[in-house]
Amino acid sequence: MLINLSIKSVPEHIAQRLRARAERNHRSLQGELMAIVERAAAADGDDNGNALAGDGWSAQAPSAAASRLVGLRRGSKSIEQLAAAHRALYPEPFQDLPLAVDIIRQERDAR
């Protein structure tokens with residue numbers, strides 16, 4: 001049996017972050033919320049409802065998450081955590097390289 005859940009009075013800044021997260025993950029907002037709920041339901045949590053506190057799902061800024069560089073309980077990291085850790089280690093790795101579009105234009109114009 002399927003159950004409908006709803007969250008009322010979500011602050012706009014949280015809704016915006018959820019929409020952005022859904023877009024980054026190529027999901028609808030409903031799909032992203034379902035993925036979060038599935039992950040929360042599967043997580044081993046404590047009795048205080050803090051199932052996700054140690055799993056990297058806190059509302060920290062990416063730079064704070066990158067400074068911790070800790071994995072999830074199951075030994076993996078989310079895409080956001082990996083990207084933040086990579087940005088912390090390599091701030092601008094491709095700054096001096098030409099853009100692909102410039103390379104293609106140069107090759108096309110050389111004909």
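Where is the place of histidine 26 in this structure? Histidine 26 lies in the loop between H1 and helix H2 (29-42); helices here are DSSP runs of H or I with at least four residues, numbered from the N terminus. The model is predicted, so local features need pLDDT of at least 70 and side-chain atom pairs count only at pLDDT 80 or more, while totals for chains, interfaces and linings use all residues. Residues are numbered from 1 along each chain as its sequence is written, and side-chain values use heavy atoms, with hydrogens and water left out.

Histidine 26 is not a glycine, yet its phi is positive, near 55°. This residue is exposed, with a relative accessible area of 77%; exposed means over 50% relative accessible area, buried under 20%, and partly exposed in between, for a 1.4 Å probe and protein chains only.

Serine 9 belongs to the segment before helix H1 (12-24). Its phi is also positive, about 60°, although serine 9 is not a glycine. Serine 9 is exposed, with a relative accessible area of 74%.

Helix H2 contains glutamate 32, a buried residue with a relative accessible area of 1%. Its side chain forms a polar contact of 3.2 Å with the side chain of asparagine 25 and another of 2.8 Å with that of arginine 27. Such a contact is a pair of N or O atoms within 3.5 Å; within protein, one must be able to donate a hydrogen and the other to accept it, and residues adjacent in sequence count only if both atoms are side-chain atoms. Leaving aside residues up to four places away in sequence, glutamate 32 touches Leu18, Arg21, Ala22, Asn25 and Arg27, where contact means heavy atoms within 4.5 Å.

Technical notes. Helices (H or I, at least four residues) and strands (E, at least two) are DSSP runs, numbered from the N terminus.
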